[in-house]
Structures are given as structure tokens and as C-alpha cells.
Amino acid sequence: MTKTYLDILIEKKAISVKNLRLLQKRSEAEKMPLDALLIEAGVAENAIIEAKSATSGFPIRQLMPGEIETIPDQAFKAIPEESAAHYQMAPLGQKNGYMEIGMVNPDDIAAHEALKFISAQTDMPIRIYIIAPSAFADILKRYGSLTGEVGKALGEFKKEYESLSETVRIEREQPAVIIEDAPITKMFAVILRHAVEGRASDVHIEPTRENVRVRFRVDGALHTSLLLPPQVHSAIVTRIKVLTSLKIDETRIPQDGRFHAEIVGRAIDFRVSTFPTALGEKVAVRILDPTTGVTSLDDLGIEGDNLDKIRAAIRRPYGMILITGPTGSGKSTTLYALLNILNDEKVNIVSLEDPVEYYISGISQSHVRAEIGYTFATGLRHILRQDPDIIMVGEIRDKETAALAVHAALTGHLVLSTLHTNNAVGVIPRLIDMGVDPFLIPATLILAVAQRLVRRLCPDSRGEVPLDGAMKETLMSDIRTMPDAVQKNLMAALPPAIYEPQVSASCPKGTRGRIGLFEMLAMTPELEKIIITAPSEANIIAEAKRQAMLSLRHDGILKVLHGKIGFEDLLETT
């Protein structure tokens, strides 16, 4: 006769035969798990799983506090929530080509058959571990996060219900509050709340042939967070259009809007863009949290010579500082950091923004509205009548705005703005392309700054990697292109190892937040001459080298060697 884990518990006198029989009868009568009753009767949870390991031959997996949070979201797709609850098994992640599964009842034959099916579906072999019932309950809660809450709303999609489980007040531009007790309302509210709590910068709602994909952008990378049935797509898009006062019946052209929401006690702004696709409208929602505060230059990652250059530039009484880079590279955040330094009651600072992302006390911040003719160009004309000392223009988008910004810089104002170019060198050709006369640029442009964002290593979970082989060769080749003084210092103190992301309980992805890479081109007499005589990109690059300008890649190399970012992330970004 095969020995069971209950026999071992009796042998070790963890429980008597008489008490075990009573618990078994109660388990059958009340439909309660026997393990839960054993623990209630005083049997240690560890004794139960050790007995199960001894009889089944499967190893024990002790899950430490916080370790469950490190299980990748992707792993939960392998076992549906209903199956996990029914068979009392859950994914633990992947390692060395195996899918690791935690089981509460390793003797459950039906559960093993289900695992064979899952292994065939995923084309991955499975390793089984025994986990404690309490750990399984905690893992099951991971299912009950975004997917679980939205699943409940889906179940109520065609039914009425009385109140939202989470208080999420959605507002239009006017103060009127809209609270709708419909499942789609709840569903979208839950998506927004999880996006805000998960530090997402954007939410993408995308129709596909099979489903509606909801993705969150966290630290610059998009992750699929939810898959919804296709029939809810039009209802969610309609809900978003109602909030943003967009045309509900217009699906052929892109539309832009915005709304406000109070989520978990925080006032959040959302900027919405709809885009028609062959399968329906795609919606991108930008999350703007004015309560997060303004970042300092140090926190942004501006250091060394770059810090000296930008501090010198903002001390100038007039001129133009332009921040450049693609969408989502942190340009606005850098502008806010500069405004925060310049903010003083002795100066009048006025900004034009689309939209206002952070509120700074003491600065007059204005929200442009192109739909009513209040554009950057229109606002800039009126700002000059407000007796400003410092002007911030969210973006120079056209010839008219460029001309007005240059005029403001020429007439005694310090102008801060952004452009869309690939690097700092491209700022000058871009201004000329926008119709600015070359002879006006040296008199106005003080500093051109290009930037990118890279995932920042979590100090608690970065792992050392020896600096050797192909990695060292790549780094050394980049170092040799740096300015001589920087190159000499690095060669003299090259570290034996660098750091890469490492998964931990505090940082499930090994990174937390992002840090900037910067390159800065300052106006010099030599650059003035180039702009007036021969403003080609090759000549400007030669002047940048003469200035000992650190490129985005160079700045990234320094941050890799200082343990702030990972080498793989740098390669991906630059």
C-alpha cells in the first residue's frame, strides 16, 4: 500500500489518527480543503509540504516575501485563472528552458493531465514544485489584479449594477462630474487605475482580428497588460470619446482630446488620440500626473561638463535654449527642471504648453487650444504683451512660431523651447529649414540640447558583469572616439565590471524609472562663422568635436561605467 502524506504526518505525530478522521469527515461535509483544516488544527504548513515532497518526490519551493511579485505577467497566460484555482497550481516563471509550476496537491492526477496539455500548447517542458497553500493563495491574487477586475466587468457587460467598486471620478474640461454605473465605465476606470498605479506613461487600446489588446508603456517599453473580447472595442472607444468630448460618430479621421480624472485620491490629466485603422479605431492615452513634481537636473542625469554648460546658458539674460529629441524623450521634463531653477519672484515667467503637464507655483502657465485658434504662434504674440522675462514655448512646430521665438530672443527675452531633430547638431539646419535667416541664429541660439531616455538600473537589484570579451572591445572602441581629456581619465580608471539589470523583489524587471542621455552644442565664435558661411552638417559636427562635445552615446558610456544604466539598454537606445 502506497504511503500518503497523511501517513507521514501521523508518523511524525503532527496529528492523531482520531483527529485526522474527524477533519476528513468535516472536509467532505463542508467542502473545505483538508490542508486548510489541518493548518487550522495546528499542523505546521511546512510539515504538510515536507510530507508531500517525501511521498511525491517533487522538490519544495519556498516563496519569500515579495518574490511572488517578481513572477512575470507573461507567465500567467500559460494557465488561466479558472484552471489555476480548480487544480490548485500556478506558474512560477521560466528558467533554463523550463516552465516552473507550483502545485499544492502533487498527487492530483487530473492536474498532471492538465499540465501535459499546457506543456504541449506552449511547447515547453515543465518542472513541478510543491508550494504552500498560503503561497498559492498569494499567487492567485496576481490573477485578481487587472485581468480579474476587468473580467468581472466583462461578466456584467450586459447587466445593470448599482455602484462602482472603486471610486474613480471622471471629469470633462468643465467641473461637472460624470459617474456612470455601466460595466464599460468600470472596466475603463480599472484600466486607468492600474496604469497610474503601475507608473505607466501611456495606455494603448488596439483592435486586432482576435481581440482588443491593452498595452501599458512603463519605463519606455510597451507591455501587453490585458486582452479583451472584440465586441467591447466600440463600447470602450465610445466611452473615451464621451469623456473627451470627441465626435462619437466620426471614425474615419484621427481626433485628439483630453480629460481629467481623480484616481486613488490623485488628480490626473489624460491626453487622448484616436487613430483609424483597418480593424477599428486605435486609442492612445498619455498619462500626465501633475502631482509627481518637477525633477532636478541631477535626477535627470545631467552631470559634468553638460551640467556646467546648461547652468551657464540659463544665466544668460536673453537668447534661446532648444531641447531636441523624438516624442517621449523627456524634453518637457527637462524644460520644467530649468523653469524650476529660474523661478524667482523677481522675474516674470510665462509658458505656452500643450498640455500643462506639471504645475509650478509662481509661473503663469497657459494651455494652447488649436481647435479654437489659440496656437503656439497666437499665444506667443500675446505673451510679448505680458512683460515677460522668460518664455517657455512647449514646441516650435512651424515657421511662424520659429520666427516669433527668434524675435522674442532678439528683443531681450530668454526663450526655452523644443524641436524634433535627431541630435543637437541637427538643430541649426532645422531652424534654417523652418525659414529662420542664418544670420539671426548666432545672435539668438545659446545652447542646443539633444536627449534620450534609458531605463535606470535599480540600485538594489543590479548584477555585476565582468568587463571583458566583445563587450569590452565595443566599449573601448566608443571610448577612443571621446574627447581626449575624458578618454584619458576613463582609460586610467576602467572598472573591472559593469552592471546589468537583475530581477529582485523590489525591482521585478531590474530597472526602475529612466535617466537621460544628453549632448549639448554651445554657440561659439567658430560656430557663428560656420552658420553664416557654410552651415553644413559636416562643418557643424567638426565644430562639435572641437568643443569636446560628448555625444548621446558617449554620455551613455559614462553612465554604464558608473553603474547607472545597463550596456544592453544603451545599445538598444543609441
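The model is predicted. Its largest nonpolar core has 39 residues, while helices H9 and H10 pack at an angle of about 75°.

**The largest nonpolar core**
- Within this 39-residue core, the residues with the most contacts are Met320, Leu322, Ile428, Leu431, Ile441 and Leu521.
- Helix H15, spanning residues 399-410, gives the most to this core, with 6 residues.

**Helices H9 and H10**
- Helix H9 covers residues 183-197 and helix H10 covers residues 233-244, and their axes lie 10 Å apart.
- Angles of 65 to 115 degrees count as roughly perpendicular, so H9 and H10, at about 75°, are roughly perpendicular to each other.
- On the H9 side, the contact is made by Ile184, Thr185, Met187 and Phe188; H10 brings Ala235, Ile236, Arg239, Ile240 and Leu243.
- By class, this contact has 7 nonpolar, 1 polar and 1 charged residues.

- Ser27 has a relative accessible area of 15%, and buried means under 20%, so Ser27 is buried.
- Beyond neighbours within four places in sequence, Ser27 is in contact with Met32, Pro33, Leu34 and Leu37.

Conventions. Residues numbered from 1 in each chain as written. Predicted model: local features only at pLDDT ≥ 70, side-chain atom pairs only at ≥ 80, totals over all residues. Heavy atoms only, no water. Buried < 20%, exposed > 50% of the residue type's maximum accessible area, 1.4 Å probe, protein only. Contact = heavy atoms within 4.5 Å. Core = buried A, V, L, I, M, F, W, Y, C linked by side-chain atoms within 4.5 Å. Helix = DSSP H or I, 4+ residues; strand = E, 2+ residues; numbered from the N terminus. Axes fitted to C-alpha atoms, helices over the stretch in contact; angles between N-to-C directions. Parallel < 35°, antiparallel > 145°, perpendicular 65-115°, else oblique. Nonpolar A, V, L, I, M, F, W, Y, C, P; charged D, E, K, R; others polar.
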